[in-house]
Amino acid sequence: MNMLKLSWKYLVSKPLNTGLNILLLALGLAIITVLLLMQDQFENQMSKDAKGIDLVVGAKGSPLQLILSSVYHIDFPTGNIDLKEAKGVSRNRLIKNAIPLGLGDNYQGYRIVGTNYDYLELYQTEFANGQGWERPFDVVLGSEVAKKLNLKVGDEFLGSHGIETSSHEHDHHPYVVTGVLAPSGKVVDKLIITSLESVWLTHDEGEEHDHAAMENEVAKHGFPETEKDREVTTLLLQYRSPMAAVQLPRFINSRSSLQAASPSFEIARLFELLGVGIKLVKGLAFIIIFIAGLGIFIALYNSLKERKYDLAVMRTIGASKGQLFIHIVLEGVILTFLGAVTGMLIGHLFLSFLVIGQEQGALSNISAWVFLQEEAWIIVYAVAVGIVASLIPAMGAYRTDIAKQLTK
C-alpha cells in the first residue's frame, strides 16, 4: 500500500508526461471499445431479427437489399411480386410457412407493414394494450412507435406514400390504432403493422372503393382472397426440412421474376465485407496503444535517471530491491489502468453522442451504456502493456548501486 501511494505521488508530480501518455493510450482503447460495442450489438440484433426466417423471396435485384428491406426494414424494397406467383411459391411442399409482406408506406418515418398474424407469431409478440387488427385500416403499433409518436389505442392517423417522411399523404382513409405491442427488443418495436388488405386499399387511390370490403374481416393467416390483380413485396419463408435449403433457393432463382435470398448467408457476407474495415481500424488502434506503451517506457526510463539518488536513499532507509522494482512497475500499471478506464469512458460517451437522434436505421438499436465482458479484457490488456513497458526501468531500479549513487 505504501509503494502504491509513493508511485501515485510521483505520477501526480509529473502531470504533463503522465497526462499525455494516459490520453494517447485512452484514444486507442476508446476506438477498440466503440468497435466492440457496435460489432457485438449489431450481430446480436441482426441474429434476433432474422430468427425463424430461412429464406426471403422478392423481386429481382440485390439479395442484400432484399434482406435489409424485408427483415431489418433499413433499405428500399427491390420491388413487388405478383400475388399469384407468391401463392404458387408458398404451395411448394418444402415450405412450412410463408408470410407475405406489403411495404411502401410510412407514418412520420416509421414503416407501415402489411402482413398477417403469422408475422406477430414469428417474433413471439405480446400486446401491452388492445388487440390485433380485425378490419382494413386497423393497425398495431410497435412499442417504440407508440412511445415516440405518443399514440394509443383508438387514435387515428394518415399514412404517407414511400418510406421517407417527406412523402405525400394518403388522405382518403385514416388508420385506426387497435393495439400496442409490448417491448420485445426486436425489429417489430419500430414498425406499424396492419393487414395486406389495408395496404392494397390504400393504394387504390382514384378508384372506386368497395365499401363492403372495407367492413369485411381481414385474413389473419395465409393470403387474403381477392379477385383483383394484387401484389406483395416479399415472402418470408420457413423450411419444412433441411433439404429445402439446398433445393428451394435454386428453384426460385431460376424463375425470371423472382429471387430468393438467405438472411444468414447475406448477413455473414455483409459482416465479412465490414470486417476488413474493422480490422484496419483495430490495427490503427493497436498502433496507437503501442506508441502509448513506448511513451510510458521512455517516461519511466528517463525518470529513473533523475531519481537514482532518491532510490538509493530509499534503499538506505530500509527499502529492498524488490520494493523498488515493484514501485516502478506500479507506476506503469497505474498509468495504463487510468488510460484503460478513461478510454472506455470516452468510447461509451462517443457512442452515446453518435446514436443521439437515431430513432430509425442501423444505429437505432445501439445502446451506448451496455458494458460487455470483453471490456474487462481491455483493462487486462492495458495493464499488461504497463507491466511490459515498465520492466526495463524496474530492472534498472532493482540494480541501483547505493554506494555509487550516494557518493556522486
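This report describes the fold, cores, surface and salt bridges of one predicted protein model.

## Basis of the model

Because the model is predicted, local features need pLDDT of at least 70 and side-chain atom pairs count only at pLDDT 80 or more, while totals for chains, interfaces and linings use all residues. Residues are numbered from 1 along each chain as its sequence is written, and side-chain values use heavy atoms, with hydrogens and water left out.

## Overall architecture

The protein contains 13 helices and 13 strands. These elements are DSSP runs numbered from the N terminus, a helix being H or I over at least four residues and a strand being E over at least two. Of the 408 residues, 49% count as buried. Buried means under 20% relative accessible area, exposed means over 50%, and partly exposed lies in between, with a 1.4 Å probe and protein chains only.

The protein exposes about 20300 Å², of which carbon and sulfur atoms supply 59%. Accessible areas come from the Shrake-Rupley method with a 1.4 Å probe, and for residues only the protein chains shown count as cover.

## Nonpolar cores

A nonpolar core is a set of buried Ala, Val, Leu, Ile, Met, Phe, Trp, Tyr and Cys residues joined through side-chain atoms within 4.5 Å. The largest one has 31 residues, and those with the most contacts inside it are V71, Y72, Y119, Y123, I193 and L236. At least two residues of this core come from each of α2 (15-50), α3 (63-72), β3 (95-107), α5 (117-122) and α10 (263-316). The most is given by α3, with six residues.

Apart from this core lies another, of 22 residues, including V57, A98, L196 and V232. Within the largest core, Y123 is one of the residues with the most contacts. Leaving aside neighbours within four places in sequence, Y123 is in contact with K48, D49, I53, V71, K186, V187 and V188.

## Annotated transmembrane regions

An unreviewed UniProt entry lists residues 20-38, 284-304, 324-356 and 376-398 under "transmembrane region". UniProt positions are given in the numbering used here, feature names are shortened, and annotations may be inferred rather than shown by experiment.

In the model, residues 284-304 are 100% helix and 0% strand, and their end C-alpha atoms lie 30 Å apart. Residues 324-356 are 94% helix and 0% strand, with end C-alpha atoms 49 Å apart.

## A nonpolar surface patch

L24, L27, I287, F290, I291, L294 and I298 make a nonpolar surface patch of about 630 Å². Patches are made of residues with over 30% relative accessible area and no salt bridge; like charges are joined within 9 Å, and nonpolar side chains (Val, Leu, Ile, Met, Phe, Trp, Tyr) within 5 Å. Both α2 and α10 supply at least two residues of the patch, and α10 gives the most, with five. One of the patch residues, I291, is found in helix α10 and counts as partly exposed because its relative accessibility is 42%.

## Salt bridges

A salt bridge is a side-chain nitrogen of Lys or Arg within 4 Å of a carboxyl oxygen of Asp or Glu. By this rule the count comes to five. K84 forms one with D229, the closest N and O atoms being 3.9 Å apart. This pair links distant parts of the chain, as K84 is in helix α4 (residues 83-90) and D229 is in the loop between α8 (211-215) and β11 (231-232), 145 residues apart. Both K84 and D229 are exposed.

Another salt bridge joins the side chains of E144 and K190 at 3.1 Å, N to O. E144 is in helix α6 (residues 143-149) and K190 in the loop between β9 (175-181) and β10 (192-195), 46 residues apart. E144 is partly exposed at 26% relative accessible area, whereas K190 is buried at 11%. The side chains of E266 and R269 also meet in a salt bridge, at 2.8 Å, N to O. Because E266 and R269 are three residues apart in helix α10, about one helical turn separates them.

## Positive phi angles

Most residues other than glycine have a negative phi. Q124 has a positive value near 50°, and F137 has a positive value near 75°. Q124 is found in the loop between α5 and β5 (127-130) and counts as exposed at 66% relative accessibility. F137 is found in the loop between β5 and β6 (138-141) and counts as buried at 2%.

Definitions and conventions: Contact means heavy atoms within 4.5 Å.
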